[in-house]
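Please look over the sequence and structure below before reading on. This report walks through the fold and then picks out a few places within it.

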Amino acid sequence: MTPEAKANCETVRGLIGQRSIVLVGLMGAGKSAVGRKVAAMLDLPFVDADTEIERVSAMTIPDLFEQYGEPEFRALERRVVTRLLKSGPQVLATGGGAFINESTRQAIGRRGISVWLSADLDLLMERVSRRQNRPLLRDPDPRGVMQRLMEERYPVYATADIDVQSRDITKEEMAANVVAAVAEWLEAGGHARGKAAETAKTTGKAEQ
Ligand SMILES: Nc1ncnc2c1ncn2[C@@H]1O[C@H](COP(=O)(O)OP(=O)(O)OP(=O)(O)O)[C@@H](O)[C@H]1O
Ligand SMILES: O=C(O)C1=C[C@@H](O)[C@@H](O)[C@H](O)C1
Ligand SMILES: [Mg+2]
């Protein structure tokens, strides 16, 4: 690790409190792959909401969509994400639609630092073409679906605390960019917001 990256890790560790770094963004943005590296850099636990959903349901995500439908999947996702957020500090990779669901987004707002990994369409399509495990893309025109999801979701992802552009660089470089952006955000006062959220919790006042 470079001395600069090391200093950023120390800043994050010093200011994060009990919060989770929550990676949000479209399928293929790198939330799971980069999130794992961010956790390793910070020596924090890593948890992936999609993996946890599959574990607690003992079903795959495509089977959950097929047998119960997307609304039931979103309800389960909200419960799982809300529970996982209680275990901070940690790095939490969410599924692509988690932050779009209003109550899941509010739960993340209360206990997490949300980081949007934004990416362009070509990069996302190249990344998701490697595996067939995303039910929303099981369509004759997956590129068209991704384009529509970008248009619908980007205004919501843009409300995340931090935006890190997901470019064609290595996962390690992306992880270092995420740690640097979180360190900068915390130093600029994100810390105070976290304290406010803690106060809201103990007084019963919701922050959002
Ligand atoms: N910076 C990167 N460089 C090279 N490959 C990457 C990079 N980021 C992600 N990948 C690869 O792209 C693929 C998709 O990444 P990943 O599974 O992390 O996306 P995701 O955002 O978690 O998607 P989903 O919402 O479907 O869970 C994986 O094969 C991963 O290894
Ligand atoms: O973008 C989405 O809505 C999804 C992304 C994946 O991570 C999974 O959570 C699921 O396939 C739905
Ligand atoms: Mg993932």
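The text below goes from the whole chain to single residues.

**Basis**

This is a predicted model, in which local features need pLDDT of at least 70, side-chain atom pairs count only at pLDDT 80 or more, and totals for chains, interfaces and linings use all residues. Residues are numbered from 1 along each chain as its sequence is written, while chains are lettered from A and ligands numbered from 1 in the order in which they are written.

**The whole chain**

The protein chain has 9 helices and 5 strands. Helices (H or I, at least four residues) and strands (E, at least two) are DSSP runs, numbered from the N terminus. Their order from the N terminus is α-β-α-β-α-α-α-β-α-β-α-α-β-α. The radius of gyration is 17 Å, close to the 17 Å of the globule rule for 208 residues, so the chain is as compact as a globular protein of that length. That radius is taken over C-alpha atoms, and the rule is 2.2 Å times the number of residues to the power 0.38. Along its principal axes, the C-alpha trace spans about 45 × 40 × 30 Å.

Of the 208 residues, 37% count as buried. A residue is buried if 20 or more other C-beta atoms lie within 10 Å of its own, exposed if 12 or fewer, and partly exposed in between; C-beta atoms are placed from the backbone. Two residues are in contact if their C-beta atoms, placed from the backbone, lie within 7 Å. Among contacts with a separation of 6 or more, 78% join residues 24 or more positions apart.

**Strand β1**

β1 pairs with two strands, as tabled here. Two strands pair if DSSP finds at least two bridges between them.

| Partner of β1 | Bridges | Direction |
|---|---|---|
| β3 (residues 90-93) | 4 bridges | parallel |
| β4 (residues 112-118) | 5 bridges | parallel |

Ser 20 has Gln 90 of β3 as its bridge partner. Val 22 has Ser 114 of β4.

**The ligands**

A residue is near a molecule if its C-beta atom, placed from the backbone, lies within 6 Å of it. 20 residues surround ligand 1, and the closest are Gly 30, Lys 31, Ser 32, Ala 33 and Gly 96. Helix α2 gives the most to this shell, with 4 residues. By class, the shell has 7 nonpolar, 7 polar and 6 charged residues. Here Ala, Val, Leu, Ile, Met, Phe, Trp, Tyr, Cys and Pro count as nonpolar, Asp, Glu, Lys and Arg as charged, and the others, Gly among them, as polar.

The residues around ligand 2 include Met 27, Asp 50, Gly 95 and Arg 134. That shell has 4 nonpolar, 3 polar and 2 charged residues.

**Two residues**

Ser 32 lies in helix α2 (residues 31-42). Ser 32 is partly exposed because 17 other C-beta atoms lie within 10 Å. Not counting residues up to four places away in sequence, Ser 32 touches Asp 48 and Ala 93.

Glu 77 sits in helix α5 (residues 70-84). Glu 77 counts as buried because it has 23 C-beta neighbours inside 10 Å. Glu 77 and Glu 52 are 25 residues apart in sequence and 9.1 Å apart in space, C-alpha to C-alpha.
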